[in-house]
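This briefing goes through one protein chain and its ligand, topic by topic. Please keep the sequence and the 3D structure open while reading.

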Amino acid sequence: MSDTTLLLSEEVREALDRRRPVVALESTIIAHGLPSPRNLRVAEELEEVVRTAGAVPATIAVLDGRALVGLDKSQLERVANDDSVRKLGHRDLAPALAAGASGATTVSATALLAARTGLRIFATGGLGGVHREWTTTQDESADLGLLARTRITVVCAGVKSILDVPATLQRLETLGVGILGYGTEYFPGFYLSSSGEPVDWTVRTPDEVVAVMRAQDALGGPEAALLVANPVAECEQLDPALHDRVLADALTECGERGIAGQGVTPFLLDYLARHSEGASLEANLAAVRGNVRLAAEIAVAWAPA
Ligand code: PSU
Ligand code: MN
């Protein structure tokens with residue numbers, strides 16, 4: 001990509017030049033996944049978590065037709081507060097750049113831009129995946145297909161529990177996306193510590209994750225991502241009974257209102273937060289914080305000494 005299309009902040013450019021650890025962060029969670037004004041504070045807090053762990057944060061978004069890797073304070077504020085900031089999956093990047101548009105990047109768009117920049121480690125909350133209504137809507141997040149073709153390590157709390165988790169795991173298997181349970185034999189459930197679904201591989205330290213990344217590279221083959229599935233601590237998870245009850249209502253309401261496409265995930269996340277008195281939001285934030293911290297530790301272990 002040309003210099004005017006993909007713009008690195010000075011801090012990120014310098015970190016890359018010096019081969020210092022960098023963690024990519026997405027912006028859809030800020031613009032469309034969390035309520036304002038909390039979203040801006042969270043965005044700033046997450047960058048601080050990365051710095052405290054000894055790495056450089058690279059929050060990614062598109063502003064005025066430019067893909068930015070590393071945002072300054074006013075750019076972060078725009079992503080958080082400007083209602084005209086759209087939601088961009090990877091297929092939306094080219095039209096947005098051509099139109100001079102602004103948008104927050106989802107996991108798929110962030111992973112693409114991060115990989116193009118040469119970043120290898122990326123933290124988010126929960127990935128998109130196969131929606132429960134898939135047989136009628138065919139709604140499967142573009143996150144999955146993009147991650148099947150992109151060499152990046154994504155630290156996540158599994159996939160969002162609003163999804164059909166077993167179906168999403170099957171798709172990830174078909175697509176050849178590797179999954180490591182971090183300190184767990186079970187795939188995390190986003191708001192919940194466990195989805196109840198087993199994982200095939202468990203690691204317990206950042207060095208073990210790095211060893212898998214090195215083996216991926218040594219092996220060659222398809223450029224698939226590696227998912228590090230990091231559960232929210234049990235003491236910080238959403239009460240499972242409350243989760244199931246409010247989610248059932250949310251899915252009904254989503255169907256009744258005819259919400260479709262890009263609107264589904266933000267609607268469900270917002271519904272859960274409002275109808276759990278904010279408890280789902282706290283669990284979501286706890287998961288994201290944990291993922292960002294772990295991603296920074298992996299980035300430090302991955303960087304040359
Ligand atoms: N994780 C969160 N909150 C979010 C997301 C992830 O804790 O809002 C975002 C990510 O950007 C992910 C997107 O890519 O939700 C999935 O949207 P969709 O289902 O429309 O692909
Ligand atoms: Mn979708």
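## Briefing

I121 is a residue of strand β7, which spans residues 121-123; strands (E, at least two residues) and helices (H or I, at least four residues) are DSSP runs numbered from the N terminus. The model is predicted, so local features need pLDDT of at least 70 and side-chain atom pairs count only at pLDDT 80 or more, while totals for chains, interfaces and linings use all residues. Residues are numbered from 1 along each chain as its sequence is written, chains are lettered from A and ligands numbered from 1 in the order in which they are written, and side-chain values use heavy atoms, with hydrogens and water left out.

**Strand β7**

- I121 is buried because its relative accessible area is 2%, where buried means under 20%, exposed over 50% and partly exposed in between (1.4 Å probe, protein chains only).
- I121 and A295 are 174 residues apart along the chain, and their C-alpha atoms are separated by 6.5 Å.

**Ligand 1: site and shell**

- Ligand 1 sits in the largest pocket.
- A pocket here is an open set of points on a 1 Å grid over the protein atoms alone, with protein on both sides within 12 Å along at least five of seven lines; a cavity is a set of points where a 1.4 Å probe fits but cannot get out, and lining residues have an atom within 4 Å of a point.
- A molecule sits in a pocket or cavity if more than half of its atoms lie within 2 Å of its grid points.
- There are 18 residues around ligand 1, and E26, K87, V107, S141 and T265 come nearest; a residue is near a molecule if one of its heavy atoms lies within 4 Å of it.
- The shell around ligand 1 divides into four nonpolar, ten polar and four charged residues.
- In that division Ala, Val, Leu, Ile, Met, Phe, Trp, Tyr, Cys and Pro count as nonpolar, Asp, Glu, Lys and Arg as charged, and the others, Gly among them, as polar.
- Helices α2 (28-33) and α12 (264-275) each supply at least two residues of the shell around ligand 1.
- The largest share of the shell, three residues, comes from α2.

- A side-chain N or O atom of E26 is 2.7 Å from an oxygen atom of ligand 1.
- For K87, a side-chain N or O atom is likewise 2.7 Å from an oxygen atom of ligand 1.
- G126 uses its backbone: an N or O atom there lies 3.1 Å from a nitrogen atom of ligand 1.
- Taken alone, ligand 1 exposes 480 Å², and the protein buries 94% of that; accessible areas come from the Shrake-Rupley method with a 1.4 Å probe, and for residues only the protein chains shown count as cover.

**T105 and T110**

- T105 is found in strand β6 (residues 103-105), and T110 lies in helix α6 (residues 107-117).
- T105 has a relative accessibility of 0%, so T105 counts as buried.
- T110 is also buried, because its relative accessible area is 0%.
- The side chains of T110 and T105 are joined by a polar contact of 2.8 Å, meaning a pair of N or O atoms within 3.5 Å; within protein, one must be able to donate a hydrogen and the other to accept it, and residues adjacent in sequence count only if both atoms are side-chain atoms.
- The side chain of T105 also reaches the backbone oxygen of I60, at 2.9 Å.

**Backbone geometry in loops**

- The peptide bond from S36 to P37 is cis, with omega near 5°, and P37 lies in the loop between α2 and α3 (38-52).
- Q138 is not a glycine, yet has a positive phi of about 60°.
- Q138 is in the loop between α7 (134-137) and α8 (142-147) and counts as exposed because its relative accessibility is 52%.
- F190, not a glycine either, has a positive phi of about 60°.
- F190 is in the loop between β9 (178-182) and β10 (202-203) and counts as buried because its relative accessibility is 2%.

- K73, in helix α4 (residues 73-81), is exposed because its relative accessible area is 55%.
- A polar contact of 3.4 Å joins the side chains of K73 and E44.
- I259 lies in the loop between α11 (240-256) and α12 and is partly exposed because its relative accessible area is 26%.
- I259 and A296 are 37 residues apart in sequence and 36 Å apart in space, C-alpha to C-alpha.
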